[in-house]
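Please read it alongside the structure shown here.

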Amino acid sequence: MKFLERYLNFQNLFVLIGLIMGVKFIYVNPPWQSNDEDRHFYNAYAISEGIIGPQYVNGKVGQKLPIDLTNTVRSYQGIPFSKEAKVDKRSVEKDRKKKIRSFKKAHFPNPSSGISPVGYIPASIGIFVAKTLNKGAIDIGYWARLFSLFSYLLIVYFAFRLLPISFQPVLFVVSLCPMVLYQAASVTYDTLTYSFLFLFLAFVIHHYFSDKKLSWKHIGILVAIAFLQGFVKGGYFILFFTVLVIPMRRFNTKGIYFALIAGLIIASFIPPIIWKSYKSTLNIPPEAFNFFQKDFRFDNGANLKFQLGDPVNMALVVIKNIFTQGKVWVSGVVGRFGYSYTLLPSWAVICWYFLFLTTACLIRKKVNWTFIIVFSALSLLNIAAIIGGFYLGSPVGADFIYGLQGRYFSPILPFAIFGLFNAYFIRVNPKMLRIGLSIIVIVLLGLSVNYLDGVFYLAN
């Protein structure tokens, strides 16, 4: 019993369940079918070859990649996943035996090649290992997913180690919900986005309750996490300022406190500037990155000017989109998968939100009004900023918000829960809670895997 008490904790259960169910997601997800995974995979493969940044050839940006590799990836694109057109597992197994001739390469256009390479480091390591083992294209993709999953499990494990025990149930269900685990087990920068934001959250809450004063070492760690997140994916820097909940008296000196705030401001804006400056040294025309879609005019500045010409209509359009697309966004936080944008059944989505709500109401350490206001306000502001950003990023004059998916809100979810839900009235035996939540999560994830297997693949 002492053994179970010692090792049956949320961080170990997270790693165990995340590894088992994450591997299941790796293989139930058809090759390169996570949203934009093909282009993310090309970036990761190029990094494994020592290519950092886009290459410009014949007016197109992209990378020099093995022809056999790109042909295999392209053969799995555009699958509609209708009843008449599903993936045959026997074909996948047959394709796994095909090797790639790494010496036969060609420049392959990739509109995502200008993305910062930091988010692809785990996947690129997996690709390097797979190539060393002489794996075929499909297995290289699986290895890339596997190392992405490893990085997620490792980083979030340390988040659990930092987070007070009474806060861990919320992170447990969020970090293992289908959408988050599916992305963590894919080749995408979302893997590290979730990882670093969850780690940052845990660090803030840990020091909110800790009696130990923050030193320069702690400041360096927080700013480093923020910098890494800034290089991986933008749009979440608002959450960095949840550090404002930590009282100034918890810092060794006021100078350290203000250094932290200054460091986070720098981390919010400098990483994309650094990467943009690097790309400018490659002498690639900015318009070269916009070849992917030319049927609409995309210009954030022009769209902002157009929308501000009638601010009332702008507000009405945003509200209309929230009502028309809101259900899909909310469902997408839990599970909307791949290029087919397959949603989990409504009952499954409801079950997960019930689980979020239940864990949010569990008895945990009390927080003050500053904590509630800061976490609530910044979470809602970040959600609003994402919606507004995608609105301005839509075609000029459009009354429909293009490209916004619920998974962009998933990493904000635990921040929002800790801020908005402070009615603690459910008390459960800790050991029974860990066992009960684990069983529920495993069952729900298993049902998700089985559902996706039926959606994507032909029946045996």
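**Cavities and a helix pair**

1. The largest cavity holds about 70 Å³ of space. The model is a predicted one, and the count in it comes to 2 cavities of 30 Å³ or more.

2. The lining of the largest cavity consists of Asn43, Ala46, Ile47, Ile51, Ile52, Gly53, Gln63, Ser113, Ile115, Ser116, Pro117 and Tyr120. Helix H3 (residues 37-48) supplies the largest share of this lining, with 3 residues. By class, the lining has 7 nonpolar and 5 polar residues, and no charged ones.

3. The second largest cavity has a volume of about 30 Å³. Around it lie Pro31, Trp32, Ile138, Gly141, Tyr142 and Arg145 as lining residues. Of these, 4 are nonpolar, 1 is polar and 1 is charged.

4. Helix H2 (residues 10-28) and helix H7 (residues 137-162) have axes that come within 10 Å and cross at roughly 165°. Because angles over 145 degrees count as roughly antiparallel, H2 is roughly antiparallel to H7. The crossing of H2 past H7 is right-handed.

5. On the H2 side, the contact is made by Phe10, Gln11, Asn12, Phe14, Val15, Gly18, Leu19, Gly22, Val23, Ile26 and Tyr27. H7 contributes Tyr142, Arg145, Leu146, Leu149, Phe150, Tyr152, Leu153, Val156, Tyr157, Phe160 and Arg161. The contact of H2 with H7 comprises 16 nonpolar, 4 polar and 2 charged residues.

Note on methods. Residues are numbered from 1 along each chain as its sequence is written. This is a predicted model: local features need pLDDT of at least 70, side-chain atom pairs count only at pLDDT 80 or more; totals for chains, interfaces and linings use all residues. Side-chain values use heavy atoms; hydrogens and water are left out. Axes are lines fitted to C-alpha atoms, for helices over the stretch in contact, and angles run from 0 to 180 degrees between N-to-C directions. Helices (H or I, at least four residues) and strands (E, at least two) are DSSP runs, numbered from the N terminus. Angles under 35 degrees count as roughly parallel, over 145 as roughly antiparallel, 65 to 115 as roughly perpendicular and the rest as oblique. A crossing is left-handed if the near helix is turned anticlockwise from the far one by less than a right angle, and right-handed if clockwise. Contact means heavy atoms within 4.5 Å. Ala, Val, Leu, Ile, Met, Phe, Trp, Tyr, Cys and Pro count as nonpolar, Asp, Glu, Lys and Arg as charged, and the others, Gly among them, as polar. On a 1 Å grid over the protein atoms alone, a cavity is a set of points where a 1.4 Å probe fits but cannot get out, and a pocket is an open set with protein on both sides within 12 Å along at least five of seven lines; lining residues have an atom within 4 Å of a point. Grid points are joined across faces, edges and corners, and a volume is the space filled by probe spheres set on the points.
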